[in-house]
Amino acid sequence: MTLTNKQPFSLLCRHNMPVFLFWNLGRKPLLQEVSQFCQKYSVDVLVLAETKFPDVELQHHLKEKTGAVYIAPYNELSSGVKFFFRYPPESIRQVADSY
């Protein structure tokens, strides 16, 4: 499916509601497992803690396994928790950055 700005946001996910996955990897190299899980459950928003691998490497594995592009627009803000979205960049925006 080719997405355009004219399509409703609800068409971007395969379910009625977005699918979120949080996984604390404990610095284990679980690239294949994460990618398989995202494929099996059609994960829309992936949140990982304590990753050992670069974002680009995971994004490559996700693309190969799921066929979807996962973006990571804000991961430079945190080294402990990483966010990956299966939505177009224009649908994601930062609303707060203080902590």
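Colleague: In which helix do both Phe 37 and Tyr 41 lie?
Modeller: This is a predicted model, where local features need pLDDT of at least 70, side-chain atom pairs count only at pLDDT 80 or more, and totals for chains, interfaces and linings use all residues. Residues are numbered from 1 along each chain as its sequence is written, and side-chain values use heavy atoms, leaving out hydrogens and water. Phe 37 and Tyr 41 are 4 residues apart, about one turn of the helix, and both belong to helix 1 (helices are DSSP runs of H or I, at least four residues, and strands runs of E, at least two, numbered from the N terminus).

Colleague: Is the ring pair of Phe 37 and Tyr 41 stacked, edge-to-face or tilted?
Modeller: Rings of Phe, Tyr and Trp (its six-membered ring) pair with centres within 6.5 Å; planes under 30 degrees apart are stacked, over 60 edge-to-face and the rest tilted. The model has 3 aromatic pairs. Here the centres are 4.6 Å apart and the planes stand at 40 degrees, so the pair is tilted.

Colleague: Which strands stand at the edges of the sheet?
Modeller: The sheet is open, with 3 strands in the order 1-2-3 and mixed pairing (strands pair if DSSP finds at least two bridges between them). Each edge strand has a single partner, so one side is left without a neighbour in the sheet; these are strand 1 (20-24) and strand 3 (81-85).

Colleague: Which residue is the bridge partner of Trp 23 in strand 2?
Modeller: Strand 1 and strand 2 (residues 45-49) pair in the parallel sense over 5 bridges. In strand 2, Trp 23 has as its bridge partner Leu 48.

Colleague: At roughly what angle do the axes of helix 1 and helix 2 cross?
Modeller: Axes are lines fitted to C-alpha atoms, for helices over the stretch in contact, with angles from 0 to 180 degrees between N-to-C directions. Helix 1 (residues 31-41) and helix 2 (residues 55-66) have axes that come within 9 Å, crossing at roughly 45 degrees.

Colleague: At about what angle does helix 2 run to strand 3?
Modeller: Helix 1 lies across strand 1 and strand 2, at about 160 degrees to strand 1 (contact means heavy atoms within 4.5 Å). Helix 2 lies across strand 2 and strand 3, and its angle to strand 3 is about 35 degrees.
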